[in-house]
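Q: I am new to this structure and want to learn how to read its salt bridges. Can you take me through them?

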Amino acid sequence: MPQNTPLTTVFVHGFLDDAAVWQPVIRHRGLQTPTVSAELAGMGDRPDDGGPYTLARHTADVVELIDGIDGPVVLVGQSLGAQVAELAATRLPGRVAGLVLVAPVPLAGTQLPAEAVAPFKALGGDGEAQREVRRQLSVGFPTGELERLAAVGMSITAEAVSATVDAWNDGDPAGSSDSSITAPVLVLRGRDDPFITSAVLDAGVVPRFADVTTADVEGAGHWPHVERPDAVATLLDTFVRRVTDDRGNTAEGVRERGWTSAFAARSASSFTDTFAPEVVLRASVLRAPVEGREAVAQVMATASGIYTALVFTHQAREGERTYLEWDATLHDGTAVSGVTRLVADAQGRTVDVAIHHRPLDGALAFSAELGRRLEGSIDRDTFHRA
């Protein structure tokens with residue numbers, strides 16, 4: 001995807017809601033980037049659209065929406081919309097730079113028994129029952145938005161309500177295995193959500209993704225984007241900034257956020273945050289290993305400043321190991337390339353780094369310059385001399 005194209009945030013609403021439910025979050029955002037809100041069939045402004053009201057149908061509509069947008073997107077979905085957003089992201093791996101799941105129903109579905117979902121399936125045309133469901137599953141649903149969404153929900157047909165409940169309850173078979181999504185994923189939930197609990201996320205959502213972070217929204221239930229739009233907007237802006245930073249020095253498909261972002265920041269603290277205390281650095285440009293978080297961070301921060309350009313081009317993972325190929329240009333115009341191997345501990349912190357440069361003359365020139373810049377901080381014999 002083009003590195004200079006701004007990210008468009010695409011919002012997908014949940015059961016009984018509409019596209020406008022995201023407006024409070026959009027108003028609170030500090031980032032002035034393009035936004036688009038999807039309207040799902042049978043709901044919102046599309047109550048007269050015929051079925052099927054399935055995850056596949058909703059996903060196809062969102063994919064079509066994204067196809068009409070220039071450049072990469074960050075997909076944001078809530079509840080049922082989180083299921084749809086994930087499925088759309090799997091269909092468009094080259095277009096989706098990040099995925100945000102808000103109070104997500106697991107892609108495999110809730111798998112509730114018939115008697116448990118019967119009250120949800122009976123909500124069509126019953127405004128007071130819809131209000132009561134929102135009250136029960138939230139901490140403080142704003143009165144004005146409660147009334148607006150009740151009016152929106154009254155227009156949804158009984159058929160659409162019942163079929164949509166089946167969609168989120170039955171889920172999709174893909175939810176029973178690890179996700180194919182390699183883009184960064186942010187999972188948000190209202191801390192007091194009685195429906196999508198932390199246990200639900202730990203069992204069927206978070207472990208399925210390769211690159212995932214989580215956050216709880218204080219003072220919110222199942223609709224944190226309505227109950228605490230300010231907090232959700234802040235978390236979303238932070239996530240989009242990180243994804244944008246990643247795109248600055250990574251090719252399509254490369255998503256090793258901590259390492260690549262540290263290179264973009266070029267500071268010792270940015271590397272320190274990714275390292276375990278006992279981290280060890282070995283490299284073809286070093287005559288001896290460098291050990292310890294502070295020393296390795298100092299070397300890496302200094303090394304990143306020698307490159308005038310660096311792009312991570314390919315990535316592969318095997319267990320706790322990540323392999324990154326890269327191309328770079330040194331301060332003197334020399335072109336170099338190489339492979340970085342990272343080993344992570346159980347907490348996801350890097351404990352072992354191995355970096356291999358080529359060609360040899362470029363590696364030797366790099367080592368000599370690195371030693372010069374670290375004179376007095378790291379033993380000079382650690383580096384090759386010109």
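Q: Is Asp381 buried, exposed or partly exposed?
A: Buried means under 20% relative accessible area, exposed over 50%, and partly exposed in between (1.4 Å probe, protein chains only). Asp381 has 46% relative accessibility, so Asp381 counts as partly exposed. This is a predicted model: local features need pLDDT of at least 70, side-chain atom pairs count only at pLDDT 80 or more, and totals for chains, interfaces and linings use all residues. Residues are numbered from 1 along each chain as its sequence is written, and side-chain values use heavy atoms, leaving out hydrogens and water.

Q: Which residue forms a salt bridge with Asp381?
A: Side chains of opposite charge can pair when their charged atoms come close. A salt bridge is a side-chain nitrogen of Lys or Arg within 4 Å of a carboxyl oxygen of Asp or Glu. Here the partner is Arg385, with the closest N and O atoms 3.6 Å apart. Arg385 is exposed, at 53%.

Q: How many salt bridges are there in the whole structure?
A: The search finds 25. One joins Asp166 and Lys121, with closest N and O atoms 3.0 Å apart. Asp166 lies in helix H7 (residues 158-170) and Lys121 in helix H4 (residues 114-121), so the pair ties together parts 45 residues apart in sequence. Helices are DSSP runs (H or I, at least four residues), numbered from the N terminus.

Q: Where do Glu369 and Arg373 lie?
A: Both are in helix H14 (residues 360-373), four residues apart, or about one helical turn. Glu369 is buried at 11%; Arg373 is partly exposed at 36%.

Methods:
Helix = DSSP H or I, 4+ residues; strand = E, 2+ residues; numbered from the N terminus.
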